[in-house]
Amino acid sequence: MTKCQECNCKIPIDDKTIKIGDISVCSACGAEYEIISINPIQLELIEEEK
Ligand SMILES: [Zn+2]
């Protein structure tokens with residue numbers, strides 16, 4: 001299971017519908033991740049500029 005790097009909670013990902021470039025958002029802390037690989041699933045944290 002994929003975990004959020006920020007809060008370590010699970011990130012729900014539907015591996016049947018995701019595709020590279022999709023954005024997945026952690027529902028607990030709001031961190032955004034881009035799908036960079038599907039098999040295996042890899043996420044890259046999108047850091048917001050402030
Ligand atoms: Zn999180």
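Modeller: Let me begin with Ile41, whose place is in strand S3, residues 41–46. Please keep in mind throughout that this is a predicted model.

Biologist: Which residues is Ile41 in contact with, leaving aside its neighbours within four places in sequence?

Modeller: With those neighbours set aside, Ile41 is in contact with Thr2, Ile13 and Asp15.

Biologist: And how far is Ile41 from Cys9?

Modeller: The two are 32 residues apart in sequence, and in space Ile41 and Cys9 are 16 Å apart from C-alpha to C-alpha.

Biologist: Back to the strand, then. How do S2 and S3 pair?

Modeller: Strand S2, which covers residues 32–38, pairs with S3 in the antiparallel sense over six bridges, and within that pairing Glu32 stands opposite Ile46 in S3. Together S2 and S3 form a hairpin, with two residues between them.

Biologist: What about the peptide bond from Asn39 to Pro40?

Modeller: That bond, from Asn39 to Pro40, is cis, with omega near 5 degrees, and Pro40 lies in the loop between S2 and S3. As background, most peptide bonds are trans.

Biologist: Changing topic, what is phi of Asn8?

Modeller: Phi of Asn8 is near 70 degrees, which is a positive value in a residue other than glycine. In general, most residues other than glycine have a negative phi. Asn8 lies in the segment before strand S1, residues 23–25, and Asn8 is exposed because 10 other C-beta atoms lie within 10 Å.

Biologist: Zooming out, how many helices and strands are there in the protein?

Modeller: The protein has zero helices and three strands, so that, read along the sequence, its pattern is β-β-β.

Biologist: What is the radius of gyration, and what would a compact globule have?

Modeller: The protein has a radius of gyration of 10 Å, which agrees with the value near 10 Å that a compact globule of 50 residues would have. Along its principal axes the C-alpha trace spans about 30 × 20 × 15 Å.

Biologist: And how much of the protein counts as buried?

Modeller: Of its 50 residues, 12% count as buried. As for contacts with a separation of 6 or more, residues 24 or more positions apart account for 16% of them.

Technical notes. Residues numbered from 1 in each chain as written. Predicted model: local features only at pLDDT ≥ 70, side-chain atom pairs only at ≥ 80, totals over all residues. Helix = DSSP H or I, 4+ residues; strand = E, 2+ residues; numbered from the N terminus. Rg over C-alpha atoms; globule rule 2.2 N^0.38 Å. Buried ≥ 20, exposed ≤ 12 C-beta atoms within 10 Å, placed from the backbone. Contact = placed C-beta atoms within 7 Å. Pairing = 2+ DSSP bridges.
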